[in-house]
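Subject: Structure handover

Hello,

Please find the structure below. Have a look at it first, then read my notes.

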Amino acid sequence: MPYLYELFWEVRWQWRLLMAQPKALLNPLLFFCLITLLFPLALGHAPDLLRQAAPGLIWVGLTLSVFLILPNLFMPDLQDGTLRLWVACRRPLSVYVLAKWVTHWAFFVLPLILIAPLLGVSLYLDLSQSWLMMTLLGFGSFAMVGIGTIGVAVMQKGHYNPFLLAVLILPFYVPILIFGAGSLQPSSESMAFANGLLFLAGLVIFTLFLAPWAATQMLKLTVAQS
Amino acid sequence: MSRFWRWVLQWGQPGELYQRLVLLQPWVAVASITMLVAGAYAAFWLAPADYQQGEVFRILYVHVPAAWLSLMIYGFMVALALLVFVWQVTVAGWALNAFAWLGAGYTLMALVTGAIWGQPTWGTWWVWDARLTSELVLLFIYLGIVLVFDALSDSKAAARMAAILTLVGSVNLPIIHYSVIWWHTLHQPPSIRGFDSSLHASMLYPLLLMALAFLLVFVWQAIWMLRCRVLQEASQTPWLARRLRGMVENGKDQ
């Protein structure tokens, strides 16, 4: 239990740090809106085509937004030395990784999911599906941020390479995209939603075990050579 | 310590490793060339043409060994990653780097030959089929591991990071594979016709010969890359100086 206690306090602390600059939320929010609204402009205003493609477009937009949020996780702390202290002190580093993961997801990604149905309207998506879509997006993006912590922990001398990050983590997003967007297709059966949700929930639990360990090891190496 | 364990541990010493690789290389080279010639003769002349696909099916004898090898190399890499991560064997990190390059190469070879085979038989270069997609993802994972080695200047830290990434990939690969299969069965009817029955013996033994030949060629390539790497890392070490002095005095190689 001391672990959970420590985790709770660390989450609280990280949340306060994020709330000190609430305007930072605007960046991913605007990016998500704009990138999703680019698709109707590029594909032409054919309602049938857009309705077919809407779940996939929203998922791609969310993936790109998460991808841009990830550098926020560890970069500032590496540059101002907080991370070095975390590695040097005896507290478990996985507490830090988990707290960053949960708070950044809640602060940056959750608002994106809340406005996803609005963007869905602009893509002629059926509004009755909103709750399903938001649930799937929530589980999927949580796993995405978790897998992303492993990738962004690979940094050299305080710099990270966005292209390297893409190659490292995007292959692991394949199952999330397949299940997340696949269960929302208008043609899929009713079972598809339950299957997709169960799969994504399982993936979240799996990532909860895997990502803190892997990110901890990566962060130790990153700090040691920076 | 028993003689066996000393022998095992000596693989981790660069000087001893180099000596063994030099001794091993000609045998592997002869064996791989022999198997490759025998396998190619069996595959391209002795094996009968397929009654449906004709002569084009013979690309199978390059495609399938490359695809098998692309998965097998990842298995070897997981073992090397454990050596790097748990026991911190430096040499295993060098081997991991070489294996990642070779694995990416064989995966690319499997994808390209598959596309060339797909064009006349399925009528298309690419299908979003389960196996093709997971092979493509495997290629990206290999390339990610290669890039981690290149991105970091500290080679020991890079090896450990690549080892962690290999282990993470090894537990994720089954998930990716099965998710792709699920997707495939949901959305499109199977387009791989494959073989209606299992391969006839006259077609099967060339395949096994070629698979063995590819494995030996891979070992040969790995020995070459590892030899070069050991020399690169050992530029200032006493064992290399002794070795070079011995070569000058004896006036011969080896």
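First, a term: contact means heavy atoms within 4.5 Å. With that in hand, take chain B. Among its contacts between residues at least 6 apart in sequence, 77% join residues at least 24 apart. For chain A, 83% of the contacts with a separation of 6 or more come from residues 24 or more positions apart.

Some ground rules. This is a predicted model, where local features need pLDDT of at least 70, side-chain atom pairs count only at pLDDT 80 or more, and totals for chains, interfaces and linings use all residues. Residues are numbered from 1 along each chain as its sequence is written, chains are lettered from A and ligands numbered from 1 in the order in which they are written, and side-chain values use heavy atoms, with hydrogens and water left out.

Confidence

pLDDT is the predictor's confidence in each residue, from 0 to 100. Chain A averages 87, and 96% of its residues score at least 70. Within chain A, helix H6 (residues 93-122) has the highest confidence, at 92. Helix H9 (residues 174-182) of chain A has the lowest, at a mean of 85. Where pLDDT is low, the predicted coordinates should not be read in detail.

Chain A

Helices (H or I, at least four residues) and strands (E, at least two) are DSSP runs, numbered from the N terminus. Chain A has 10 helices and 0 strands. Its radius of gyration is 18 Å, close to the 17 Å that the globule rule gives for 226 residues, so chain A is as compact as a globular protein of that length. That radius is taken over C-alpha atoms, and the rule is 2.2 Å times the number of residues to the power 0.38. The C-alpha trace of chain A spans about 55 × 35 × 30 Å along its principal axes.

Next, burial. Buried means under 20% relative accessible area, exposed over 50%, and partly exposed in between (1.4 Å probe, protein chains only). In chain A, 53% of the 226 residues are buried. Chain A exposes about 10400 Å², and carbon and sulfur atoms supply 73% of that area. Accessible areas come from the Shrake-Rupley method with a 1.4 Å probe; for residues, only the protein chains shown count as cover.

Now the charges. Lys and Arg count as positive, Asp and Glu as negative; His and the chain ends are not counted. Each charge is placed at NZ of Lys, CZ of Arg, CG of Asp or CD of Glu. Chain A has 10 positive and 7 negative side chains, with the centres of the two sets 15 Å apart.

Chain B

Chain B has 8 helices and 0 strands. Its C-alpha trace spans about 65 × 40 × 35 Å along the principal axes. Of its 254 residues, 45% count as buried. Chain B exposes about 13300 Å², with 68% supplied by carbon and sulfur atoms. It carries 14 positive and 11 negative charges, and their mean positions are 13 Å apart.

Start with B:Asn172, in helix H6 (residues 155-187) of chain B. B:Asn172 is buried, at 5% relative accessible area. Not counting residues up to four places away in sequence, B:Asn172 touches A:Phe172, A:Phe206 and A:Leu210.

Then find B:Tyr205, in helix H7 (residues 201-233) of chain B. B:Tyr205 is partly exposed, at 38% relative accessibility. Leaving aside neighbours within four places in sequence, B:Tyr205 contacts B:Ala42 and B:Leu46. B:Tyr205 and B:Ala104 are 101 residues apart in sequence and 27 Å apart in space, C-alpha to C-alpha.

Best wishes
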